[in-house]
Amino acid sequence: MNITIIGASAGVGLATVGQALTQGHKVTALSTNTASIPPHAHLTLVNGSATSVSDLKKVMVGADAVIITIGTKNKKPNTLFSDTANALVKAGAALNFKAPVLVITGFGAGDSSRFLSFFMRMVIRLFLKHQYINKTLMEEIIANSELNWEIVRPGMLSDGPLTKKYKALPDLYKGIKIGKISRADVAYFLLEEAKNPTMVKQYPALTTFV
C-alpha cells in the first residue's frame, strides 16, 4: 500500500512510519521537520505543513490511506487541529479523495469528554484544556466533510512496547473505561484500519486490554 502519514516526525506518527515500513508499505511522511525520521528505500520525506492545502494535496495524491497524527506541546490557545482539519477537507474535496482518512484526536474530545475518569478530567482541565477544545473542533469539521474518515480517540499514551492487546471501542456507554495505551499499539491499530477499514464514520476509543 501507499500510505501517507501527516505529523510523522514524533510520537504515534513516527511509530506508524516505522511499523508501516516493516510491514512492506510505501510511506510518504509529511512533517515541518523530517530530520528525526530515519531514511528508508520505501520512504519519501516531505517537509511541509499539515495546515497547508497545497502541501496536503501533494502528499495525498495516489495514497491508499492517509493517517493524521499531528500534535503540539503548546498548551496555550491554538488552532493547529482545526486548521489542519479545514485544510484536509479542502484538499480532499479538490482531489475527490475516497481512500480512508484516519485522524488521531484523543479520548476526552467531543462527546467522549462526558465519559472521562475524574483523574483524566482533571489532567485535561489543568494541562490540555485548549488542545482538547481545538481537537473537538477538528472532529466536528472532519465529521461534516465528505471524507471517508475514522476519528480515533486513544487513552493516555505511553512509550510501552507493541502488545496488540488493546480494545477498540466504537461506542460510548456508561462505565466505559479508557486507560493507557502505548503509541506502538495505536500505530498498529491505525495500520490495520488503513489496510481494512472497519470503523469508517465512527469514533473508536483505544485502550489496552486488561
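Residues are numbered from 1 along each chain as its sequence is written. In this predicted model, local features need pLDDT of at least 70 and side-chain atom pairs count only at pLDDT 80 or more, while totals for chains, interfaces and linings use all residues.

I begin with the helices, which are DSSP runs of H or I with at least four residues, numbered from the N terminus; strands are runs of E with at least two. The axes of helix 3 (residues 80–95) and helix 4 (residues 118–143) come within 7 Å and cross at roughly 15°. Axes are lines fitted to C-alpha atoms over the stretch in contact, and angles run from 0 to 180 degrees between N-to-C directions. Helix 3 and helix 4 are therefore roughly parallel to each other, a term for angles under 35 degrees.

Which residues make the contact, meaning heavy atoms within 4.5 Å? Helix 3 contributes residues including L80, F81 and L88, and helix 4 contributes residues including Q131, K135 and M138.

I turn now to the largest pocket. On a 1 Å grid over the protein atoms alone, a pocket is an open set of points where a 1.4 Å probe fits, with protein on both sides within 12 Å along at least five of seven lines; lining residues have an atom within 4 Å of a point. The largest pocket holds about 1,200 Å³ of space, the volume being the space filled by probe spheres set on the points. Its lining has 44 residues, and I70, G71, Q131, K135 and L157 lie nearest the centre. Helix 4 gives the most to this lining, with 6 residues.

How values were computed: Side-chain values use heavy atoms; hydrogens and water are left out. Angles under 35 degrees count as roughly parallel, over 145 as roughly antiparallel, 65 to 115 as roughly perpendicular and the rest as oblique. Contact means heavy atoms within 4.5 Å.
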